[in-house]
Amino acid sequence: MDFPRQTLNEICPCCGANLWKFLYNSTFNHYNIPIFLCASCGLQTQYPRPKASELYTEEYYSGNADFSYRDERKTEKFDRYVWNARIKNIQKFKYTGQFLDVGCSFGGFLNCAKEAGFDVTGVEISPFSAKIAEARGFKVFTGEFLDADLPENFFDVVTLVEVIEHLSEPSLVFAKLNRILKPGGLLLLQTANFEGWQAIEAGPSYHYYLPGHFYYYSESNLKKILDQSGFKDHITYPGVDFSLSAKLLKSRGSFSSWFEYWKWIRIGIYHWKSKFKKNGRPLTSSMVLYSFKVE
Ligand SMILES: [Zn+2]
């Protein structure tokens, strides 16, 4: 993919500065995405950005596009280990109530939330995936999150798992996330932490630089945006918000022979590394943030 080089003249959605510096062209998978860095807060963004409607085709969701999301329908049995473990952790804070998953894909995670006792709703940009989730009986708004007609002060839990980096206009997105949650409601965000050593050491070759990823956050600038958007009591889970055992059980879904069980060692090491810091930065760049709407 080739992008024409441009200058970026926008207000930073995190800190309000207009101090974008061209950082580099990404090299992961030869996408050559121009990456800009806010010199004031460290937020990164790709510019120019493709249109969302051009990115999320049927091929994307069935794992057949050039840059792709794996087909969750094939691995749902194994993904459920992680989804159920995550719901269990969410239930330490919100045991039941209205649950929204933004970017719900085929509805696998919604299904686990429903089984645990939540009333569930999804938002999904792809008509292909949304239709399948609807056929399973879920209420799904098809389209972009900012266009979805969602009730205000309504949801107890809103989750965006590897979704926030895909959304343009972050200021509007965070304001809407705040509006639709009940006071005290829980927002769950999973995205890469660009302050972690994994992202820093990989530099332009970091695998998170994908055409559909518009903004690249860090723990500190995400917390800053959340503070400004009416959230408080942030909890950071370095790595993920569930145990290694759930991750290991999930990974079996991608193994085609018992030889592949050696990957459990690699997954275990990564999980263990994610809990440690060097010079104040976490060793890996995986993170999950829980945040609560100010009451
Ligand atoms: Zn900034």
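**A tour of the sheet**

Select Ile235, which stands opposite Tyr290 in strand 13. Strands are DSSP runs of E with at least two residues, numbered from the N terminus. This is a predicted model, in which local features need pLDDT of at least 70, side-chain atom pairs count only at pLDDT 80 or more, and totals for chains, interfaces and linings use all residues. Residues are numbered from 1 along each chain as its sequence is written, and side-chain values use heavy atoms, with hydrogens and water left out.

Next, show strand 10 with strand 13 (residues 286-293): the two pair in the antiparallel sense over six bridges. Pairing requires that DSSP finds at least two bridges between two strands.

Stay on strand 13, where seven of the eight residues are buried (under 20% relative accessible area, 1.4 Å probe, protein chains only).

Finally, display the whole open sheet: seven strands in the order 6-5-4-7-8-13-10, with mixed pairing. Strand 6 (139-142) and strand 10 (231-238) are at the edges; each has a single partner strand, so one side of each lacks a neighbour in the sheet.

Key
Helices (H or I, at least four residues) and strands (E, at least two) are DSSP runs, numbered from the N terminus. Buried means under 20% relative accessible area, exposed over 50%, partly exposed in between (1.4 Å probe, protein chains only).
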